[in-house]
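Hi,

Here is the structure I promised to pass on. Have a look at it first, and then read on for what turned up.

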Amino acid sequence: MAGVLDANRVLEEIGLKIGDTLLDAGCGEGRFSVPASKIVGVEGRVYALDASEERLGVLRGTIAEQSIANIEAFLGDVTERISVDDDSVDVCLMANVFHELVEDGVIKGEMEEIRRVLKPDGVLAIVDFKKDVERPPGPPLSVRLDAGEVENVVGQYGFKRVRAVEIGPYHYLILLVVGDLAHEGDDHARI
Ligand SMILES: C[S@@+](CC[C@H](N)C(=O)[O-])C[C@H]1O[C@@H](n2cnc3c(N)ncnc32)[C@H](O)[C@@H]1O
């Protein structure tokens with residue numbers, strides 16, 4: 001999927017910047033964590049969390065090879081308490097994983113954790129597969145969610161959509177913030 005989902009474009013659309021703290025929830029092998037670490041720089045931090053030790057092992061290899069100092073990669077379940085302080089994260093990214101958690105019926109724990117760790121003006125960024133034509137890459141159409149369905153799910157936890165954009169042929173990105181900040185629309189610092 002590397003060629004069809006441009007991580008730098010996603011991070012640019014999110015507005016990630018120097019000094020930010022990003023939580024890459026379900027980071028996999030670090031497709032987003034690694035470029036994000038270069039954007040946030042030495043003053044910033046990337047928490048890269050995944051439930052797969054094998055995938056984290058690949059990311060740890062990249063961290064070692066490239067001597068990356070600002071990624072903290074750790075094993076964990078995003079639906080349970082994670083080792084990140086309250087109100088400490090500027091952007092929480094969930095890429096290609098949200099639909100899985102909804103399908104597994106475990107989204108409540110995840111959303112509560114995200115609300116806990118995000119700063120009050122933090123952004124939740126969800127990248128997922130378009131729900132148009134069933135074709136690889138991606139899960140079966142029956143488990144895909146469109147941006148409106150994502151908005152309905154996260155809306156139950158206080159998030160409101162600020163913007164949704166297509167990212168390449170297979171994906172969309174939806175940016176959400178908590179409560180009234182959503183009404184600030186384009187004036188929001190990051191969106
Ligand atoms: C399709 S991969 C996407 C990886 C990466 N975000 C990307 O887009 O390249 C989904 C990842 O989510 C992780 N994952 C699934 N459920 C999880 C959970 N409850 N907690 C942490 N990670 C989870 C999987 O281990 C897998 O690495």
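Predicted model: local features only at pLDDT ≥ 70, side-chain atom pairs only at ≥ 80, totals over all residues.

Helix α5 (residues 107-117) lies across β1 (21-25), β4, β5, β6 and β7, and runs at about 140° to β5.

Those strands belong to an open sheet of 7 strands with mixed pairing, in the order β3-β2-β1-β4-β5-β7-β6. At the edges are β3 (71-75) and β6 (159-167), each of which pairs on one side only. From one strand to the next, the twist averages 20°. Looking at one end of the sheet, strand β2 (residues 45-50) and β3 run parallel and are joined by 5 bridges. Across that pair, Val46 stands opposite Ile71 in β3.

Which residues are the closest to it? They are Gly26, Arg31, Asp50, Arg55 and Asp77, out of 17 residues that surround the ligand. A nitrogen atom of the ligand lies 2.7 Å from a backbone N or O atom of Gly26. For Ala95, a polar backbone atom is 2.9 Å from a nitrogen atom of the ligand. With Asn96 the side chain takes part: one of its N or O atoms is 2.9 Å from an oxygen atom of the ligand. On its own the ligand has 600 Å² of accessible area, and the protein covers 84% of that.

How values were computed:
Residues numbered from 1 in each chain as written. Heavy atoms only, no water. Pairing = 2+ DSSP bridges. Helix = DSSP H or I, 4+ residues; strand = E, 2+ residues; numbered from the N terminus. Axes fitted to C-alpha atoms, helices over the stretch in contact; angles between N-to-C directions. Contact = heavy atoms within 4.5 Å. Near = heavy atom within 4 Å. Polar contact = N/O pair within 3.5 Å; in protein donor to acceptor, adjacent residues only side chain to side chain. Areas by Shrake-Rupley, 256 points an atom, 1.4 Å probe, with all protein chains shown as cover.
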